[in-house]
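Work through the exercises below with the model in view. Try each task before reading its solution.

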There are 2 protein chains.
Amino acid sequence: MPQKPSIPKGTRDFGQAEMARRNYIFDTIRSVFRTYGYAQIETPAMENLSTLLGKYGDEGDKLLFRILNSGDAFSGIDYDSFRTEEGYNSKALSLKVCEKGLRYDLTVPFARFIVQHQSEISFPFKRFQIQPVWRADRPQKGRYREFYQCDVDAIGSKSQLCELELVQIVARVFELLGIRVLMKINNRKVLTGLAEICGFPDKVVDITVAIDKLDKIGLDAVKAEMMEKGLTPEAVAVLEPVLTLSGSNEDKLAVMRKVMAGSDTGLKGLDELDELFGFIREAGVKLPCEIDLSLARGLNYYTGAIFEVKALDWEIGSICGGGRYDNLTGIFGLPDMSGVGVSFGADRIYDVLTGLDKFPSDLGSTTTLLFANMGAEEVAYVLPVASALRERGLAVEVYPDASKLKKQFDYADRKAIPFLSICGGDEKAAGLIQVKNLSSGEQKSFPKDNVDGILEFLAGN
Amino acid sequence: MPQKPSIPKGTRDFGQAEMARRNYIFDTIRSVFRTYGYAQIETPAMENLSTLLGKYGDEGDKLLFRILNSGDAFSGIDYDSFRTEEGYNSKALSLKVCEKGLRYDLTVPFARFIVQHQSEISFPFKRFQIQPVWRADRPQKGRYREFYQCDVDAIGSKSQLCELELVQIVARVFELLGIRVLMKINNRKVLTGLAEICGFPDKVVDITVAIDKLDKIGLDAVKAEMMEKGLTPEAVAVLEPVLTLSGSNEDKLAVMRKVMAGSDTGLKGLDELDELFGFIREAGVKLPCEIDLSLARGLNYYTGAIFEVKALDWEIGSICGGGRYDNLTGIFGLPDMSGVGVSFGADRIYDVLTGLDKFPSDLGSTTTLLFANMGAEEVAYVLPVASALRERGLAVEVYPDASKLKKQFDYADRKAIPFLSICGGDEKAAGLIQVKNLSSGEQKSFPKDNVDGILEFLAGN
């Protein structure tokens with residue numbers, strides 16, 4: 001009995017309708033990246049494990065998909081030497097039989113790319129990359145083992161104009177997609193500054209985690225948590241004005257500037273925020289942008305601006321995010337390459353567009369006109385017309401079999417093809433092409449050379 | 001010391017210029033597929049090994065990249081039970097620790113897709129798929145371990161109109177790419193017929209292999225080889241008229257029809273060729289198509305038409321090929337699904353376009369206009385203009401740092417940006433935007449609101 005086919009858990013097939021929607025998202029994003037002069041690159045699905053290991057923490061190392069060495073991967077291995085009290089040492093054994101792994105994100109391969117090709121690259125280097133990544137996460141709703149990332153980065157300049165560009169790109173992408181969003185902006189240096197001014201420079205993470213809970217648990221609980229984490233009441237008192245920040249971004253910056261007076265790093269962070277918000281105003285960006293001190297994604301990684309984008313009309317978490325990093329390529333031996341980037345979450349954007357019913361309605365059908373097959377001679381008659389329409393860019397099908405018309409109608413219906421042409425012996429004899437609008441029922445005949453007339457009728461719908 | 005980064009052998013990074021060229025090829029092919037109503041699908045990079053194994057022969061099984069099971073892949077394995085006289089049994093062990101493999105081609109995943117989603121698919125199902133595949137082949141010039149395939153198939157109809165469509169698609173793709181090609185066409189049933197009429201129905205492969213050498217070794221040597229393979233002099237005499245076929249496709253078909261009188265299968269193959277060439281004439285296909293009996297690609301796989309496309313002006317082997325198969329999905333339990341498809345060799349097409357210098361010259365630059373950075377205030381002045389131009393679809397950059405002009409010029413030069421705008425204090429005071437054509441030296445100033453004027457100047461080049 002033949003096997004019942006299936007695909008690995010956490011992976012997906014994309015059929016015609018899903019592809020059309022996904023391509024719509026990617027094409028929109030890509031078109032915006034292009035208007036800002038970002039260049040597309042692609043890196044291999046497989047990287048050397050030496051490139052990937054240690055870059056995502058212990059947890060990340062476990063989630064890497066490893067590729068068995070080709071050839072006799074297991075020959076010459078002394079298994080006894082891998083035996084431990086709890087069984088075999090899988091970690092050590094897998095390093096022995098696997099030299100390659102699947103890309104876990106686009107960031108590390110990008111860093112590797114820059115270092116490997118640095119002599120060919122013109123800096124500042126503005127690149128985007130849209131490729132799948134793989135993670136051996138436990139699959140669950142909305143979390144897949146294969147998914148696309150969509151990253152845009154500018155590396156080799158410390159100017160806040162790079163941050164501005166990303167804000168502009170985000171604004172334009174979601175404007176084109178028709179999703180109302182809010183951009184939250186923070187700065188890692190400000191977080192460092194807060195920890196410094198309250199006298200606990202090593203507690204950046206604890207402080208940020210506590211601030212993040214403000215909405216949920218309230219001011220008093222946040223203060224209590226900070227003290228639990230070892231902050232003194234005096235330190236918490238120093239931070240209090242920051243915990244109750246409100247008003248416009250300018251108001252927030254003004255309060256913070258007072259609090260931050262004792263920290264050079266913090267003041268530098270505020271200068272950066274000031275400059276960025278200045279650029280945002282001057283460029284006329286319409287996207288609402290809000291300073292949010294609780295924003296701490298990738299805290300150990302980012303060194304300046306931190307971004308997160310939320311959909312205003314659909315509950316789903318962040319649909320885009322990123323920030324500035326000062327030493328992306330240091331791990332590969334190229335220090336002092338500051339860059340900033342954001343990543344668009346294609347799967348979540350897909351879910352938001354679906355939830356809000358914002359996908360364009362005409363993505364469904366790939367074909368505009370189906371020529372019915374009324375027999376060999378009649379098909380021969382319409383073939384050149386079909387070719388002429390295709391050369392004008394129209395998507396045209398000729399039904400391959402002279403099946404019953406009912407079946408051909410059904411085909412048009414299931415594929416949502418809006419126009420059908422039935423040309424039998426009469427049309428052929430008269431040199432005419434008949435075309436019918438399947439939704440309105442309107443039908444019209446054209447001399448077979450009148451390709452313009454047919455195109456006009458098809459466009460008029 | 002940090003590691004020197006590299007990528008696995010046989011894989012490639014694609015930088016900006018290569019991506020632009022590759023996208024040009026894929027976009028061209030995709031645009032043609034779309035005008036024929038083919039729908040794009042994507043399948044996961046990883047398939048279950050049970051889906052892949054045994055589908056590509058023993059050699060293919062060896063070339064599959066296998067993915068180590070996540071978690072403790074090696075726990076609970078009794079290695080001693082895999083010990084053989086020559087060492088450990090890698091094949092059996094790898095099945096134990098790997099359940100998944102990387103896609104080896106797009107055909108088997110397509111078959112799996114059809115069977116798995118058959119209830120959602122409208123047949124005839126016309127799909128295309130452009131995705132990378134992975135093979136653990138020994139890397140060499142022009143052969144990679146990761147490369148894109150670009151497949152188009154119509155499944156669920158036996159009509160020769162499906163073959164015609166593929167011929168038309170091939171014709172249009174290479175017309176748009178500017179590559180002169182020849183399409184060779186054969187039919188598996190004709191090859192079967194030849195073996196039947198000479199009395200050696202089990203020698204199809206030997207006969208075809210011998211015919212294939214005609215150009216190289218000449219008629220007598222081919223006849224000698226056939227006799228070496230066990231054919232009688234009488235059998236060879238029956239085949240001789242076919243070995244010396246010449247003239248037009250019609251001439252060839254006429255000769256073969258006489259020879260083939262004793263084989264129903266052979267005659268059916270000739271009928272199919274007749275019908276296909278009739279359609280090709282009626283549809284006005286301009287691509288030169290030639291019957292070539294030595295064409296035998298995928299002999300065990302194809303059951304009807306066989307296609308191969310060669311570039312006329314560049315020596316490189318086949319750049320596109322395919323054929324009809326009658327039982328693609330049988331392995332997964334869905335019999336009697338006849339289909340026909342071709343695959344475009346993107347890497348070879350890339351090489352032909354490079355060799356013939358046929359890539360459009362304007363693929364190189366992604367950016368049309370660079371605004372030089374003359375300082376914070378001057379940048380603030382040009383930002384809204386840059387935004388307005390981008391909203392009109394133009395690719396515009398603003399140099400992020402107020403570096404020396406020389407450095408900014410160099411950046412424009414290396415990125416092949418054709419226009420530069422230098423707006424300093426004077427332009428700002430006068431409300432003007434200055435734009436310079438970097439190749440002609442022509443420069444002009446526009447009131448900053450005159451976006452149309454700037455666009456016109458940029459387009460005029």
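**Exercise 1. Find the helix that holds Glu272(A), then decide whether this residue is buried or exposed.**

Step 1. Glu272(A) lies in helix H12 of chain A, residues 264–282. Helices here are DSSP runs of H or I with at least four residues, strands are runs of E with at least two, and both are numbered from the N terminus.

Step 2. Glu272(A) counts as buried because its relative accessibility is 8%. Buried means under 20% relative accessible area, exposed over 50%, and partly exposed in between, with a 1.4 Å probe and protein chains only.

Step 3. Set aside the neighbours within four places in sequence; Glu272(A) is then in contact with Gln160(A), Asn187(A), Lys189(A) and Gly304(A). Contact means heavy atoms within 4.5 Å.

A note on the source: this is a predicted model, where local features need pLDDT of at least 70 and side-chain atom pairs count only at pLDDT 80 or more, while totals for chains, interfaces and linings use all residues. Residues are numbered from 1 along each chain as its sequence is written, chains are lettered from A and ligands numbered from 1 in the order written, and side-chain values use heavy atoms, leaving out hydrogens and water.

**Exercise 2. How does the radius of gyration of chain A stand against that of a compact globule?**

Step 1. Chain A has 29 Å, whereas a compact globule of 461 residues would have near 23 Å. The radius is taken over C-alpha atoms, and the globule rule is 2.2 Å times the number of residues to the power 0.38.

Step 2. The C-alpha trace spans about 95 × 65 × 45 Å along its principal axes.

Step 3. Buried residues make up 58% of the 461 in chain A. The chain contains 17 helices and 18 strands.
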